[in-house]
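Please read the following points with the sequence and the model open side by side.

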Amino acid sequence: MTQTAHGVEFNKHLSATPKSVEEREAILANPGFGDYFTDNTAIVDFKVDADGNGGWHNARVEAYGPISLDPSAAVLHYGQEIFEGLKAYRHADGSVWTFRPEANAARLNKSARRLALPELPEDYFLGAIRELVAADQDWVPSGDGEALYLRPFMIATEAFLGVRAAREVSFRVIASPAGNYFGGELKPVSIWISREYARAGRGGTGAAKCGGNYAASLIAQQEAEANGCKQVLFLDHFNDDAVEELGGMNVFFVFKDGSLATPALTGTILEGVTRSSVMQVARDMGREVSERKITLAEWRDGVASGEITEVFACGTAAVITPIGVLKDETEFIGSEDAKTGDVTMAIREQLLGIQTGTVEDTHGWLTRLV
Ligand SMILES: *Cc1c(COP(=O)(O)O)cnc(C)c1O
């Protein structure tokens, strides 16, 4: 097996005790988000010696189960970890597809460079997804808005407390059947403004998809929930209150003239695959889209004057979610009884249509898995 070979071989030792059809169907009837996992997992290990020899090896699919780690494993102490998120969609003819996986493979490697983890050749990334979904294809739900959420991740497994990049690493993919992320029907959510906390700073890891960013966002998320909000908005609050993003979703604004804008990538914002797809879909609809700075003041004034007509958040897990209210102790922008805007809805339907096979995929975004 070589790293450059197209179509890496995965050894298969599939679960000897998969869930019964009845158990699986009970789960698929109400999957929630991130609560249940399929029978198997894909794994590729990495090891190099001090001379730099070695690399990725032992690609396999095996039974889903606990990971055995030495208590000194680097990931447990220094958080050397990155992850990805994408979905497998069931089309009407029963086939299973995924959306822009090459973009996730590329972003994983961008995150890997920032976290001093080894880059994973794309063939391994795509191979792991393909082999896992093939093994667990019965877990891909077919209901409206449902999909199999795929979570690739990479952890530093080397047993070593010295502070340096680990020489032993594991790449894994787990899969979880998913329904609607925020639960129930699509309605605008309320968002809490984080004034005290940042999820990322200049020169930090904001543009990498790593667990540490999420750990840093949880206290702000708790504050949001305590105030009746679903998510938190992070701002560049040490400077000019430039809007960055939510804890795990990018933000878009729709203007009176039909154009859209989203915060420019400054290094503190995660470059979402959904963000880039929304920009393309909006342009395909003949809309102008700009990436620029949008401050909290522009949001407040724009909603008040009618210049900004819709605001929405986007990401793989929750697709496109309208934002009804943005608030904190001193601020209240929007309205509790806001309805989902027409532009938000049209972009959402177009994107979901491409992903689920009911709208033509003119950009070659879909990859067939099964
Ligand atoms: C994953 C993620 C997003 C959304 O990215 P998608 O590729 O669209 O799912 C946005 N912000 C953060 C912080 C993320 O981790």
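1. A polar side-chain atom of T274 lies 2.6 Å from an oxygen atom of the ligand, a polar contact being a pair of N or O atoms within 3.5 Å. Taken alone the ligand exposes 380 Å², of which the protein buries 97%, with accessible areas from the Shrake-Rupley method and a 1.4 Å probe.

2. Please bear in mind that this is a predicted model, in which local features need pLDDT of at least 70, side-chain atom pairs count only at pLDDT 80 or more, and totals for chains, interfaces and linings use all residues. Residues are numbered from 1 along each chain as its sequence is written, and side-chain values use heavy atoms, with hydrogens and water left out.

3. The side chain of K209 places an N or O atom 2.7 Å from an oxygen atom of the ligand, while that of E245 has an N or O atom 2.5 Å from a ligand nitrogen. Among the 15 residues around the ligand (a heavy atom within 4 Å), K209, Y214, E245, T274 and T316 come nearest.

Note on methods
A polar contact is a pair of N or O atoms within 3.5 Å; within protein, one must be able to donate a hydrogen and the other to accept it, and residues adjacent in sequence count only if both atoms are side-chain atoms.
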